[in-house]
Amino acid sequence: MADVGKRDEFSYFEYYASHVIDSAFDDYKSTECKRLRKIVFKCDTTEDQFKLIFDNPLLAKPLENVKNELIFATKKSVKAAIQKLKAGHSAFDAEEYEEALVFYTESILLLPFPKSPTSADELWAQCFLHRALTYFRLQMYKASVTDFDQAINHTADNRQKVFLIVFKAYALQLLKLNDDSNDTELDFQLTSTNEHMRCTISEVDIVKHPQKGRTIITKQELKTGKLLIVEPAVVAWLRPSFYDAYCNHCLQKLNKRCFPCQSCSDVRYCSWKCSETAWKSYHSVECKFGPTLKFMVFGTLGLRLMIMYGIDNVINYFQKKEQHDSVANGKLDANLETMMSLVGEMQIPDHKFEFEVIIGVAVVTKIAECMGLIKESSPFLLRFAATLKRCVMKVLLNCFYTYDEQLKKSNGFVIADYEFEEVGFCVYASASMFSHSCNCNANRSFNGSTIYVYANREIGENSEVTVDYGTDIFHNAYEYRRAFLISSFGFKCGCESCLIVTDNVPFALRCPQCDGPVIMNYTSKKDKSNRCISCGDINLKMKPSEKILDSGDSYYRKAERRIDKEEWSEAKSYLKKCIARYSEVYYSKVPLRHAHEMLCLCYENMSRYSRAFD
């Protein structure tokens, strides 16, 4: 595949589409490219669009090159596994248990699977035995017990098996004595069950709105903090740089413990259940081509949906004359009818964006040919591509960014880390029904690919429950929100906050003329347009303020690095400078919140509690 370099992993799909377009036409704005785009969007059907794409002589070579640039999965290797196993032994003998754990895990990932769950396989048993002993040394007793089970199941020597059973029993005893999972593990439970919506409380219902389509409405008043949905993803995509650190199926952090794929050494799972579920649902089909597909983002998610529900079934669904806006048995569930009934078209068409999607889908279709899902000369090809495009559009318009918020329980409360990682994309059945509002009344959090939606304030009876799609009135100016929602989702927001043009005053900069709040639009990287709410001046010269802001950001990042090294005094100095810079340019103290929290942490660790309290 084309070199992705250090590009944004979440934009790989668009990048590959642009790469093909540039290879074919040299320039996206070239006459040939514009002419093709114009003809494509005059076509009566999606299949006709793809016929033009695949028949175009300029696109033929770049699309065919996709087949020559495929990256294949790393095969299992007994020889390589034995080398890692020996390296693990050396590290274990040197009491370097963390290093030994890495080597033993790599040996397990490289080993071919046993013929059956209980068949004798001494090398497999040895790898799991030694990883179990390493977990035991690290006092990770739960992980140790799981690995002892694997060693017991695949050991042929009965005397060795007895030893393993005794050691497992000892690990279980220590687990009971030391286990604190009840205090830290998340075990959210919904207080009721909705008959019409998957993983949703009964106090809400789905109602069709004449403009918005399906919306979620309350049946009764909901209190602040009320949990509305706890839903695992129907389909998920993990960003490529996190393949070693997160489960490839449920996106949970692995935390030094992982389980292998049956065939390749490239993906890791948090449990045998995730490994088996992924294999049965989709990974057995895509395994060999995983290192290529992981870069196709929305294309991979769309293809994965087709694999999960059966390619013929999905194609036949769209071939029906009557398209379904309702779902089977009136219930939203993780089934074909629900997922294919999700919104799949932009209200405000963006032909440039949609053309990139079409080219991206053409690339994934070529990969699907290599996977044996379709033949190049088959009349089925155009129908396959057209169906895949519909699936990709549904993914694009309904997926959620998924974050590792490091949620945990502490003294009965759920807390999250402020600095969280963007882990991937997920698509849901019920959670995808929430409409957007820039002043939403529900928030979402994630634990792996499971989404939690809860009320952020009291919600009255017969009120719509809303979330934000990535913009809100507290952090984003009206013009930015408007531009973002049109370009990303193809609609103009009609929420109350947008109708009265509410701006993000808490994050406004100080006006150099009157000291009032200046709203920076930032609709693009080059956009410097602004206006002062107090004096009414527009397009003020804010470059000096932005330079001071950049200086404050620089001090903030330096403070973060010092805190990571527990250099509290140095971090304190940088944070004071950061707060001073921010105070010069920000209209309110809200943007200074995180800097003050970090400064408080520094004082606490320096035992200067009175200052921390201040």
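**View 1. Ala169 is partly exposed in this predicted model.** Its relative accessible area is 42%. Partly exposed lies between buried (under 20% relative accessible area) and exposed (over 50%), with a 1.4 Å probe and protein chains only. Ala169 sits in helix α9, residues 158–178. Helices are DSSP runs of H or I with at least four residues, and strands are E runs of at least two, numbered from the N terminus. The C-alpha atom of Ala169 lies 9.7 Å from that of Phe148. Along the chain, 21 residues separate Ala169 and Phe148.

View 2. Asp27 counts as partly exposed because its relative accessibility is 41%.

**View 3. Asp22, Asp26, Asp27 and Glu32 form a negative surface patch.** Patch residues have over 30% relative accessible area and no salt bridge, and like charges are joined within 9 Å. A salt bridge is a side-chain nitrogen of Lys or Arg within 4 Å of a carboxyl oxygen of Asp or Glu. Asp and Glu count as negative. The charge is placed at CG of Asp or CD of Glu.

**View 4. The chain holds 23 helices and 17 strands.** Its radius of gyration, taken over C-alpha atoms, is 27 Å, close to the 25 Å from the globule rule for 614 residues, so the chain is as compact as a globular protein of that length. The rule is 2.2 Å times the number of residues to the power 0.38. Of the 614 residues, 49% count as buried.

Residues are numbered from 1 along each chain as its sequence is written. In this predicted model, local features need pLDDT of at least 70, side-chain atom pairs count only at pLDDT 80 or more, and totals for chains, interfaces and linings use all residues, while side-chain values use heavy atoms, without hydrogens and water.

Key
Patch = residues over 30% accessible without salt bridge, like charges linked within 9 Å, V, L, I, M, F, W, Y side chains within 5 Å. Areas by Shrake-Rupley, 256 points an atom, 1.4 Å probe, with all protein chains shown as cover.
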